[in-house]
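Colleague: I would like to go through the labels used for this model and hear what each one rests on.

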Amino acid sequence: MKNTKQLIKFLLLTSFAFTLCGCTQIQQTFTMGDSTMSVYQKTAYNKEKTDAYNNGEGNTTQNSNDVRIEKIDGQDYYVQEQTENMSYSDAMKTEPSYILSSDTYFYKADAVYDESSKTAEQQDIPVEELFEKITITVTFPRPIQSTNGTLSADGCSATWEYDKNAIANSTSVLRYAYTGTGNIEADTATVNERLKIVRDKKKPVIKGVKNKQSYTKKSLTFYVKDNVGIKTIKLNGKKVKLNKVKSGKYKNYYKVTTKKKGQNTVTVTDLNGNKKTLKFTLKK
């Protein structure tokens with residue numbers, strides 16, 4: 001059984017690596033509570049195509065106790081179901097494309113399916129051959145006031161359905177449902193910033209000092225900046241107060257000064273955990 005964090009990601013993302021191949025249908029249902037939500041996922045693998053892919057040998061997934069055979073639209077499928085309860089904060093930490101609360105469901109991504117999540121065996125298989133359909137439903141205890149999904153008769157649920165062409169060709173996807181007034185513009189900006197941070201691979205920049213250099217000064221001042229934001233600056237193991245320069249050559253950099261004689265070590269960590277470390281010596 002997956003640990004909680006892995007299961008959350010499995011349930012929230014449609015971009016997980018399949019152990020089976022062949023046309024797949026995914027149904028996800030989010031049931032929103034006051035402080036937590038329940039996420040149900042039903043995954044159905046076309047039996048004929050799965051068996052052909054596995055040369056009739058089967059595998060541990062389709063033969064496990066939690067998989068059954070179900071007929072869908074006249075065809076047999078291997079079906080697996082999972083449910084997980086989680087807090088909104090845990091869900092958003094795991095997947096930055098979401099904003100979730102007791103009255104908000106908001107999801108923004110580049111595509112319905114992330115191609116990079118394919119397994120090695122699936123790299124040459126078109127997405128439309130992996131998927132038949134993905135259906136997402138969100139249900140609130142109160143009527144939805146604003147959504148771009150299809151509303152249920154009672155107005156408390158919204159549904160989005162993607163066929164294989166939409167899954168293969170989508171360049172962006174946006175789903176939202178609000179039981180309150182909502183704010184699409186603000187939520188979009190928030191998600192964009194989150195995604196910018198988690199995708200960032202650039203290390204912070206340190207100017208005014210070079211690695212393994214010696215300086216004959218009473219004190220040394222250097223400047224730190226990052227493309228998405230600084231989390232911490234540590235000088236000789238201790239956190240430095242973040243003081244931003246307001247004008248001049250190093251405007252919007254953080255200014256750091258050391259008077260410690262001998263070897264100094266500075267480690268800068270950005271919001272995504274990328275680190276830059278320099279060691280230098282301050283002589284008398």
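Modeller: Start with the polar contact: a pair of N or O atoms within 3.5 Å, where within protein one must be able to donate a hydrogen and the other to accept it. Keep in mind that this is a predicted model.

Colleague: What makes the approach of the N46 side chain to the backbone nitrogen of E48 a polar contact?

Modeller: The side chain of N46 reaches that nitrogen at 3.2 Å.

Colleague: Which backbone nitrogen lies 2.9 Å from a polar atom of the N46 side chain?

Modeller: That of K49. The limit is 3.5 Å, therefore this pair is a polar contact as well.

Colleague: Why is N46 called buried?

Modeller: Its relative accessible area is 2%. Buried means under 20%, so N46 falls in that class. For the protein chain, 46% of the 284 residues count as buried.

Colleague: Where does N46 sit, and what does it touch beyond its neighbours within four places in sequence?

Modeller: N46 is in strand β2, residues 36–46. Leaving those neighbours aside, N46 is in contact with C23, Q75, D76, Y77 and E132. Contact requires heavy atoms within 4.5 Å.

Colleague: How do you know that β1 and β7 pair?

Modeller: Pairing needs at least two bridges. Strand β1 (residues 24–32) and strand β7 (residues 131–139) have 8, so they pair, and the sense is parallel. One of the bridges joins Q27 to T135 in β7.

Colleague: What makes β7 and β10 a pair, and in which sense do they run?

Modeller: There are 7 bridges between β7 and strand β10 (residues 157–163), and the two run antiparallel. At least two are required, so this is a pair too. I136 has W160 in β10 as its bridge partner.

Colleague: Why is residues 146–147 called a strand?

Modeller: A strand is a DSSP run of at least two residues, so β8, with residues 146–147, qualifies. T147 belongs to this strand.

Colleague: What does T147 contact, apart from neighbours within four places in sequence?

Modeller: A158, W160, Y176 and A177. The C-alpha atoms of T147 and A158 are separated by 7.2 Å, with the residues 11 apart along the chain.

Methods
Residues numbered from 1 in each chain as written. Predicted model: local features only at pLDDT ≥ 70, side-chain atom pairs only at ≥ 80, totals over all residues. Heavy atoms only, no water. Buried < 20%, exposed > 50% of the residue type's maximum accessible area, 1.4 Å probe, protein only.
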